[in-house]
Amino acid sequence: MACSALPLQIAENNLTHCHYVSLHCRKDGEIRIALQEAPASESYHCPLCQAPCYWIPLGEGGTLRPLPFWNRIQDSHSFREADRRLWLDLKRRQVQA
Ligand SMILES: [Zn+2]
(Lines give C-alpha, C1' and ligand atoms only; values in the text may rest on other atoms or scores of the structure.)
Protein backbone atom coordinates (compact mmCIF):
# COMPACT_ATOMS: atom_id res chain seq x y z
CA MET A 1 0.00 0.00 0.00
CA ALA A 2 1.35 3.41 -0.90
CA CYS A 3 1.90 5.87 1.93
CA SER A 4 -0.43 8.42 0.36
CA ALA A 5 -3.31 5.96 0.64
CA LEU A 6 -2.99 5.75 4.41
CA PRO A 7 -5.08 8.81 5.44
CA LEU A 8 -7.89 7.67 3.18
CA GLN A 9 -7.75 4.14 4.55
CA ILE A 10 -7.90 5.52 8.07
CA ALA A 11 -10.87 7.78 7.36
CA GLU A 12 -12.77 5.03 5.59
CA ASN A 13 -12.35 2.66 8.49
CA ASN A 14 -12.90 5.15 11.33
CA LEU A 15 -9.39 4.63 12.60
CA THR A 16 -7.38 7.18 14.52
CA HIS A 17 -4.17 8.17 12.82
CA CYS A 18 -1.19 7.57 15.11
CA HIS A 19 2.58 7.63 15.29
CA TYR A 20 4.38 4.67 16.79
CA VAL A 21 7.59 5.36 18.65
CA SER A 22 9.97 3.11 20.52
CA LEU A 23 11.45 4.28 23.82
CA HIS A 24 14.53 2.80 25.39
CA CYS A 25 14.25 3.27 29.13
CA ARG A 26 17.29 2.28 31.22
CA LYS A 27 15.02 0.92 33.92
CA ASP A 28 12.08 -0.52 31.99
CA GLY A 29 13.60 -1.58 28.71
CA GLU A 30 11.91 -1.12 25.38
CA ILE A 31 8.49 0.48 25.39
CA ARG A 32 6.41 1.18 22.33
CA ILE A 33 3.98 4.05 22.39
CA ALA A 34 1.27 5.09 19.99
CA LEU A 35 0.77 8.86 19.97
CA GLN A 36 -1.39 11.30 18.08
CA GLU A 37 1.69 13.35 17.18
CA ALA A 38 5.35 12.41 17.11
CA PRO A 39 7.15 13.87 20.17
CA ALA A 40 8.35 17.42 19.56
CA SER A 41 11.67 16.98 21.36
CA GLU A 42 14.25 14.23 21.09
CA SER A 43 13.28 12.80 24.46
CA TYR A 44 9.98 11.49 25.74
CA HIS A 45 9.03 10.58 29.29
CA CYS A 46 8.82 6.90 30.10
CA PRO A 47 5.18 6.10 30.95
CA LEU A 48 6.32 3.85 33.80
CA CYS A 49 9.05 5.78 35.63
CA GLN A 50 8.77 9.24 33.99
CA ALA A 51 12.47 9.27 33.11
CA PRO A 52 13.27 11.14 29.90
CA CYS A 53 14.21 8.59 27.23
CA TYR A 54 15.38 8.81 23.68
CA TRP A 55 12.86 7.58 21.19
CA ILE A 56 12.98 6.38 17.63
CA PRO A 57 10.09 6.52 15.15
CA LEU A 58 8.58 3.18 14.17
CA GLY A 59 6.12 4.51 11.66
CA GLU A 60 2.60 5.74 11.24
CA GLY A 61 -0.59 3.80 11.25
CA GLY A 62 -4.19 3.70 12.28
CA THR A 63 -5.69 2.29 15.42
CA LEU A 64 -9.09 1.67 16.93
CA ARG A 65 -7.73 2.19 20.45
CA PRO A 66 -7.84 5.53 22.28
CA LEU A 67 -4.49 7.37 22.19
CA PRO A 68 -1.99 7.43 23.67
CA PHE A 69 -1.38 3.82 24.60
CA TRP A 70 1.81 1.94 25.21
CA ASN A 71 3.19 -1.52 25.66
CA ARG A 72 6.29 -2.80 27.31
CA ILE A 73 7.89 -5.22 24.91
CA GLN A 74 8.38 -7.93 27.53
CA ASP A 75 4.68 -7.79 28.39
CA SER A 76 3.33 -8.11 24.91
CA HIS A 77 4.64 -9.47 21.68
CA SER A 78 1.41 -8.72 19.95
CA PHE A 79 1.46 -4.90 19.86
CA ARG A 80 2.81 -4.47 16.37
CA GLU A 81 1.42 -7.80 15.30
CA ALA A 82 -2.12 -6.85 16.33
CA ASP A 83 -2.02 -3.75 14.19
CA ARG A 84 -0.52 -5.63 11.28
CA ARG A 85 -3.35 -8.13 11.51
CA LEU A 86 -5.86 -5.30 11.60
CA TRP A 87 -4.49 -3.98 8.33
CA LEU A 88 -4.55 -7.41 6.79
CA ASP A 89 -8.16 -7.87 7.90
CA LEU A 90 -9.13 -4.54 6.38
CA LYS A 91 -7.40 -5.42 3.15
CA ARG A 92 -9.16 -8.76 3.01
CA ARG A 93 -12.51 -7.09 3.60
CA GLN A 94 -11.88 -4.66 0.78
CA VAL A 95 -10.92 -7.42 -1.60
CA GLN A 96 -14.16 -9.22 -0.87
CA ALA A 97 -16.31 -6.09 -1.17
ZN1 LIG B 1 11.10 3.78 32.64
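I began with confidence: the protein averages a pLDDT of 82, and 74% of the residues score at least 70. The model is a predicted one. I then looked up which elements sit at the two ends of the confidence range. Helix H2 (residues 79-96) has the lowest mean pLDDT, 65. Strand S3 (residues 43-45) has the highest, 94.

**Elements.** I listed two helices and five strands. Read from the N terminus, their order is α-β-β-β-β-β-α.

**Sheet.** I traced the strand order next. The five strands make an open sheet, S3-S4-S1-S2-S5, with antiparallel pairing. S3 and strand S5 (69-72) are the edge strands; each has a single partner strand, so one side of each has no neighbour in the sheet. From one strand to the next, the twist averages 35°. Cys-25 has Gly-29, in S2, as its bridge partner.

**Core.** I noted that 15% of the 97 residues count as buried. Which residues make up the largest nonpolar core? I found eleven: Cys-18, Tyr-20, Val-21, Leu-23, Cys-25, Ile-31, Ile-33, Ala-34, Cys-46, Cys-53 and Trp-55. Strands S1 (16-25), S2 (29-35) and S4 (52-63) each supply at least two residues of this core. S1 gives the largest share, five residues. As background, nonpolar side chains in soluble globular proteins tend to be buried together.

I followed one core member, Ile-33, through its contacts. Beyond its neighbours within four places in sequence, Ile-33 contacts Val-21, Leu-23, Pro-47, Pro-68 and Trp-70. Val-21 and Leu-23 are also on the core list.

**Contacts over the chain.** I checked how far apart in sequence the contacting residues lie. Among contacts with a separation of 6 or more, 56% join residues 24 or more positions apart.

**Glu-60.** I placed this residue in strand S4. Is Glu-60 buried or partly exposed? Glu-60 counts as partly exposed because it has 15 C-beta neighbours inside 10 Å, and a buried residue would need 20 or more. Leaving out residues up to four places away in sequence, Glu-60 touches Leu-6, His-17, Cys-18 and His-19. Cys-18 belongs to the largest nonpolar core. I also looked up the spacing to His-17. Glu-60 and His-17 are 43 residues apart in sequence, and their C-alpha atoms are 7.4 Å apart in space.

Technical notes: Residues numbered from 1 in each chain as written. Predicted model: local features only at pLDDT ≥ 70, side-chain atom pairs only at ≥ 80, totals over all residues. Core = buried A, V, L, I, M, F, W, Y, C linked by C-beta atoms within 7 Å. Buried ≥ 20, exposed ≤ 12 C-beta atoms within 10 Å, placed from the backbone. Helix = DSSP H or I, 4+ residues; strand = E, 2+ residues; numbered from the N terminus. Contact = placed C-beta atoms within 7 Å. pLDDT = per-residue confidence, 0-100. Pairing = 2+ DSSP bridges. Axes fitted to C-alpha atoms, helices over the stretch in contact; angles between N-to-C directions.
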